[in-house]
Amino acid sequence: MNFITHHLSALKNVFQLLINGRYLGFFLPGIVIAICYFFIVSLLSSWFGILDNLSYIPWVGDEIQKGVSFIAKWSDSVSYFIFQFIILTLFSPFNTILGEKLNYEITGKKIPGGFGRIISDLVRMVGILLIGLAFDFCFFLVWNLTLGNLFDVTFLTPYISLLISSFWLGFSFYDFALERDQINIGKSYSFALKNIQHTLLTGILFSLMMLIPYVGIIIAPVIATMLSTFNYYNMRPAE
């Protein structure tokens with residue numbers, strides 16, 4: 001149960017720092033992104049409101065409406081993961097800087113940063129999440145065509161999908177610390193699999209925070225980055 005005690009200890013450290021006014025500036029990018037997201041949602045709501053009237057088009061309206069509805073239902077299965085993917089991509093430069101500052105606070109060692117590290121972290125994170133997205137898609141395809149329908153257990157799909165996406169999301173946060181320690185990508189995957197309980201729980205917590213409308217965009221990336229950094233250094237003695 002170390003993964004639970006590690007998370008509780010890390011969360012305590014995170015909130016102590018935030019309550020003391022530390023690292024609050026890293027919430028500012030989230031506020032900007034949340035405001036932009038609000039306007040994008042408003043725009044899309046108006047657009048989909050227009051699509052609701054497609055059925056009134058003579059002769060072909062009903063068929064077009066059915067097609068739009070089908071696409072909307074299919075997209076629900078992967079849209080949340082893609083949404084988190086986009087948010088993490090936008091936050092990646094800030095998460096890199098936050099991780100470096102927190103690393104210095106925990107270890108007292110200053111890690112060489114700069115633009116090169118930001119790009120390196122971004123590339124590694126995008127690669128991890130793209131593999132996760134492909135894995136999630138393959139799961140949906142295989143599951144819905146075989147076991148899910150065969151045993152009529154498709155109701156489990158969202159829960160299994162949450163576990164799959166949480167692993168990749170959690171992994172992407174720990175990889176910031178792994179990259180700082182110059183751990184190559186192969187050993188990074190080994191670390192994630194060896195510590196799968198940590199990566200899963202961190203990813204689940206991130207996903208749950210992201211469910212909070214608008215506020216989740218602001219707090220989830222910052223808290224998850226800080227949480228995974230503290231966890232990483234709690235886990236290292238056992239490595």
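# Helix packing and buried residues

Visitor: Leaving aside its neighbours within four places in sequence, which residues is I217 in contact with?
Guide: This is a predicted model, in which local features need pLDDT of at least 70 and side-chain atom pairs count only at pLDDT 80 or more, while totals for chains, interfaces and linings use all residues. Residues are numbered from 1 along each chain as its sequence is written, and side-chain values use heavy atoms, with hydrogens and water left out. Contact means heavy atoms within 4.5 Å. Apart from neighbours within four places in sequence, I217 is in contact with G30, I33, A34, Y37, F83, I87, F91 and M210.

Visitor: How many helices and strands does the protein chain have?
Guide: Helices (H or I, at least four residues) and strands (E, at least two) are DSSP runs, numbered from the N terminus. Along the sequence the pattern reads α-α-α-α-α-α-α-α-α. The secondary structure of the chain comes to 9 helices and 0 strands.

Visitor: What percentage of the 239 residues in the protein chain is buried?
Guide: Buried means under 20% relative accessible area, exposed over 50%, and partly exposed in between, with a 1.4 Å probe and protein chains only. Of the 239 residues, the buried share is 41%.

Visitor: Which residues have the most contacts inside the largest nonpolar core?
Guide: A nonpolar core is a set of buried Ala, Val, Leu, Ile, Met, Phe, Trp, Tyr and Cys residues joined through side-chain atoms within 4.5 Å. In soluble globular proteins, nonpolar side chains tend to be buried together. The largest core here has 34 residues, and those with the most contacts inside it are F206, I217 and M226.

Visitor: Which element gives the largest share of this core?
Guide: Two or more residues come from each of helix 1 (2-19), helix 2 (28-51), helix 3 (61-107), helix 4 (115-145), helix 6 (157-180), helix 8 (196-210) and helix 9 (215-235). The largest share, 9 residues, comes from helix 9.

Visitor: How many residues are in the second, separate core?
Guide: F139, W143, W168 and A192 are among its members. This second core has 9 residues.

Visitor: Are helix 1 and helix 8 parallel or oblique to each other?
Guide: Axes are lines fitted to C-alpha atoms, for helices over the stretch in contact, and angles run from 0 to 180 degrees between N-to-C directions. Angles under 35 degrees count as roughly parallel, over 145 as roughly antiparallel, 65 to 115 as roughly perpendicular and the rest as oblique. Helix 1 and helix 8 pack at about 45°, with their axes 9 Å apart. The two helices are therefore oblique.

Visitor: Which residues of helix 8 make the contact with helix 1?
Guide: Helix 1 passes helix 8 in a right-handed crossing; a crossing is left-handed if the near helix is turned anticlockwise from the far one by less than a right angle, and right-handed if clockwise. Helix 1 contributes N2, F3, I4, H6 and H7, and helix 8 contributes Q197, H198, L201, T202 and L205.

Visitor: How far apart in space are Q197 and I4, C-alpha to C-alpha?
Guide: Q197 is in helix 8 and is partly exposed at 47% relative accessibility. In sequence, Q197 and I4 are 193 residues apart. Their C-alpha to C-alpha distance is 8.8 Å.

Visitor: At roughly what angle do the axes of helix 1 and helix 9 cross?
Guide: The two axes come within 9 Å and cross at roughly 130°. That makes helix 1 oblique to helix 9. The crossing is right-handed, and the angle asked for is roughly 130°.

Visitor: Is T225 buried or exposed?
Guide: T225 is found in helix 9. Not counting residues up to four places away in sequence, T225 touches N95, L98, G99 and F173. At 2% relative accessibility, T225 is buried.

Visitor: What is the relative accessible area of S188?
Guide: S188 is found in helix 7 (residues 185-194). Beyond residues up to four places away in sequence, S188 touches R124, F171, D175, L178 and I183. S188 is buried, with a relative accessible area of 0%.

Visitor: What is phi of Y23 near?
Guide: Y23 lies in the loop between helix 1 and helix 2 and is buried at 12% relative accessibility. Most residues other than glycine have a negative phi. In Y23, phi is positive, near 65°.
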